Amino acid sequence: MRKDFGAKAFLYPMPVLIIATYNADGTANAMNAAWGCIADTNRIAIYVSSTHKTMENIRARGAFTVSMADAAHVTACDYVGIASGNEVPAKLAKSGLHSTKSSRVDAPIIDELPMTLECTLVSYDEESELLIGEIVNVSADETILTDGKIDPEKLDPICFDPVHHTYRRMGEIAGKAFSDGLALR
């Protein structure tokens, strides 16, 4: 038997994305966003309210970075989602996170988060609040690589549980993509 919950934003997994930008004064800013996904082979789509300082910064500079939040930095990643950049201008510094300027886009890379998508602004729809960015580069710290590839176990990304308002670690391998289903052919 199933239980109905009505129209809710319940979807698993919901990645915890940390969007980083520069404020007008050049200080680094970041926010936590859970409503995002890959939208094409080189694009990311994230729903961001126009009232966020981050969205103002993206419009002004035409660039942003997106890092996967990880279990090692859950407190800092949660903080940048709780604190408003409109009220706490130095919230990235207060979180304890540090940044380095991307060499590819006019946005900061958060040093402690080992995987980053460097993006330029493609479009922003005021009505739906849908931000589309073009991914110009993905950078990963060598500490999360195995045989030259990003290793999800080393990355240890977290996802948002919208039902329980918690962050969860990603799980173990359940099967092989583009392979296991071949047994049913």
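Two residues are in contact when heavy atoms of theirs lie within 4.5 Å. The model is predicted. With neighbours within four places in sequence set aside, I44 is in contact with L17, C37, I38, A39, F64, V66, L117, C119, L131, I132, G133 and I135.

I44 also stands out in the largest nonpolar core, which has 20 residues. Along with I44, the residues with the most contacts inside this core are I19, I46, F64 and V66. Which elements each supply at least two residues of this core? They are strand 2 (17-22), strand 3 (28-33), strand 5 (43-47), helix 1 (53-61), strand 6 (63-68), strand 9 (115-125) and strand 10 (130-140). Strand 9 gives the most, with four residues.

The cysteines remain. A disulfide requires a pair of cysteine sulfur atoms within 2.5 Å. By this rule the count of disulfides is zero. C77 is in no disulfide, and the nearest cysteine sulfur, that of C159, is 13 Å away. Is C77 buried or exposed? C77 counts as buried because its relative accessibility is 1%, and buried means under 20%.

C119, one of the contacts of I44, is likewise in no disulfide. The nearest cysteine sulfur to that of C119 belongs to C37 and is 13 Å away. C119 has a relative accessible area of 0%, so C119 is buried.

Technical notes
Residues numbered from 1 in each chain as written. Predicted model: local features only at pLDDT ≥ 70, side-chain atom pairs only at ≥ 80, totals over all residues. Heavy atoms only, no water. Buried < 20%, exposed > 50% of the residue type's maximum accessible area, 1.4 Å probe, protein only. Core = buried A, V, L, I, M, F, W, Y, C linked by side-chain atoms within 4.5 Å.
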